[in-house]
Amino acid sequence: MKLSSTDFDDGGQLDTRHGKKFDNVSPQLAWTDLPSGTGSLALTMIDTDPVARGYVHWFVDGIPAVDGQFDSGVGGAVPAGRELTPYAGPFPPSGTHEYVFTLYALDPSAPELSAKTAANELPQVVSGHVLATSELKVSFTNPNS
């Protein structure tokens, strides 16, 4: 399974237009080569900086199990799936933080997530139902720091 973006390279820098205190535009993301038997997809964007303590910037579940994409700017109104946490762009108080987008391919018997499911609980909730994951890492620097 592959997760990619035309807005940034894996390990690259996210443009300020994606930042919460700027345009707050979600980046374009595309997924391909899903494993056979995938029932649905889930997507998370988490700030991995120790100061942020795993802050969730985006959490979408129920994404149809087909090759697809989210165009840039769909955060807050994804065309497919359900935003459990609407897109909130990066906004580190100072310096640079690293963010990880993770796409989960879930089998058809994966438990349905409730609106109260937190993104950091996802691995435990779907344990035994994850067919594959794919990650993209990106940095964002507060230009005011």
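Modeller: β4 and β8 run antiparallel and are joined by 8 bridges. Helices (H or I, at least four residues) and strands (E, at least two) are DSSP runs, numbered from the N terminus, and two strands pair if DSSP finds at least two bridges between them. Keep in mind that this is a predicted model: local features need pLDDT of at least 70, side-chain atom pairs count only at pLDDT 80 or more, and totals for chains, interfaces and linings use all residues. Residues are numbered from 1 along each chain as its sequence is written, and side-chain values use heavy atoms, with hydrogens and water left out.

Colleague: Okay, what stands opposite Ile46 in β8?

Modeller: That's Val100.

Colleague: And how many bridges join β4 to β5?

Modeller: There are 6, and those two strands are antiparallel as well. Thr44, for instance, has Phe59 as its bridge partner in β5.

Colleague: Which way do its side chains point?

Modeller: Ser40, Ala42, Thr44 and Ile46 point one way, while Leu41, Leu43, Met45 and Asp47 point the other. In a regular strand, side chains alternate between the two faces of the sheet.

Colleague: What's the order of the strands in the sheet?

Modeller: The open sheet has 6 strands in the order β2-β9-β8-β4-β5-β7, with mixed pairing. β2 and β7 are the edge strands, each pairing on one side only.

Colleague: Switching topic: where is Asp107?

Modeller: Asp107 is in the loop between β8 (96–106) and α1 (122–125). Asp107 is buried but has no salt bridge, and the nearest side chain of opposite charge, Arg82, is 15 Å away. A salt bridge needs a side-chain nitrogen of Lys or Arg within 4 Å of a carboxyl oxygen of Asp or Glu; Lys and Arg count as positive, Asp and Glu as negative, and His and the chain ends are not counted.

Colleague: So what does Asp107 touch?

Modeller: Leaving out residues up to four places away in sequence, Asp107 touches Gly37, Gly39, Gly128, His129 and Leu131. Touching here is contact, with heavy atoms within 4.5 Å.

Colleague: Last one: how many helices and strands are in the protein chain?

Modeller: The protein chain has 1 helix and 9 strands.

Key. Buried means under 20% relative accessible area, exposed over 50%, partly exposed in between (1.4 Å probe, protein chains only).
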